Amino acid sequence: MTAPPVAVSCGEPAGIGPELAARAWQALGATRPFFLIGDPGHLPPGTPTTEIDAPEEAAEASRHGLPVLRLPFPAPARPGRPDPANAAAVIEAIALGVRLVRGGRARALCTLPIQKSVLAEGAGFAFPGHTEYLAALGEVDCVAMMLVSPELRVVPATIHIPLSEVPRALTPEVLESAIRLTHDGLMRLFGIAHPRIAVTGLNPHAGEAGRMGREEIAWISPLLERLREEGLDLSGPRPADTMFHAAARAGYDAAVAMYHDQALIPIKTLDFDRGVNLTLGLPFLRTSPDHGTALDIAGTGRANPASTLAALDLAWRLSGGAA
């Protein structure tokens, strides 16, 4: 029996998503079967496509062209110029992908980048990003964003909020949830029996004994000690500026950082092209390339598909496909 394919939601059609889907099929063919949920008319001219009526047809169809599960859009795709009229269809592509994965008809969901401001303008999209919308669709309260590359796995405890709001948003409950989701994800998805997790401090030098901030003393260190007593292998709070060089990374399986840039700067510096966004805590598997819509280069043929290929490959492997 043919294994289910990966579902790929089209993302913003005026961005680089259509080109990434086409180039991913050119690179993978039928070796990592996937199908695109979207409008085939949005793909680059000349892209070989095969329209399918059901995900079960994708594996065979991928031998002949990019399999597309048609979702009609009301407006054409103009590279670099998003149209709010398409916002509702972009959102529906994500929701349909989730339904197909949860129904067992797709093995995982890979989401191509969205333009959140356009979704808000055109369809009242009230979520900060994909992650929060997927949590709502999955009917879960606690999720975490793990960035994955061959060099590093890292999870930010707080995500898409202004830096000025981080100290208020970063509570013991939020950090504990991120750590537990990371621990569970390393065991369940990556098969690591005894995960080693390094945790950054919030302040420079992890507070330097209270001279540069007291959060580490007041509650971060006590929280980590309590979790260690439960058996979790945690180190920290550690200064973030000395935690991501090669020798330090050899000592842990994943890092938990306190805020967005503290986590994403190191992984994008180490491997900008192959980073993958993996959502922890969902009742289904979701990956995404770790970049945005790149409206400035949409339609130019310059989009690098490396992160999309890595996201599809990770989705395949973590859902039980061949290595």
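**Entry 1: contacts and overall form.** I began with the contacts in the chain that have a separation of 6 or more, and found that residues 24 or more positions apart account for 72% of them. I note that the model is predicted. For secondary structure I counted eleven helices and twelve strands. I then looked up the radius of gyration: the chain has 20 Å, which agrees with the value near 20 Å that a compact globule of 323 residues would have. Along the principal axes, the C-alpha atoms fill a box of roughly 60 × 45 × 35 Å.

**Entry 2: surface and charge.** I found that 54% of the 323 residues count as buried. The chain exposes about 13600 Å², and carbon and sulfur atoms supply 53% of that area. I also located the charges: the mean position of the 27 positive ones lies 3 Å from that of the 34 negative ones.

**Entry 3: T287.** I placed T287 in strand 12, which spans residues 286-289. Is T287 buried or exposed? Its relative accessible area is 0%, so T287 is buried, the cut-off being under 20%. Setting aside neighbours within four places in sequence, I listed the contacts of T287 as L109, C110, T111, V276, N277, L278, A311, L314 and A315.

**Entry 4: A3.** I found A3 in the segment before strand 1, the strand of residues 6-9. A3 has a relative accessible area of 38% and is therefore partly exposed, since that class lies between the 20% and 50% cut-offs. I finally checked A3 against G320: the two are 317 residues apart in sequence, yet their C-alpha atoms are 9.6 Å apart in space.

Definitions and conventions
Residues are numbered from 1 along each chain as its sequence is written. This is a predicted model: local features need pLDDT of at least 70, side-chain atom pairs count only at pLDDT 80 or more; totals for chains, interfaces and linings use all residues. Side-chain values use heavy atoms; hydrogens and water are left out. Helices (H or I, at least four residues) and strands (E, at least two) are DSSP runs, numbered from the N terminus. Buried means under 20% relative accessible area, exposed over 50%, partly exposed in between (1.4 Å probe, protein chains only). Contact means heavy atoms within 4.5 Å. The radius of gyration is taken over C-alpha atoms; the globule rule is 2.2 Å times the number of residues to the power 0.38. Accessible areas come from the Shrake-Rupley method with a 1.4 Å probe; for residues, only the protein chains shown count as cover. Lys and Arg count as positive and Asp and Glu as negative; His and the chain ends are not counted. The place of a charge is taken as NZ of Lys, CZ of Arg, CG of Asp or CD of Glu.
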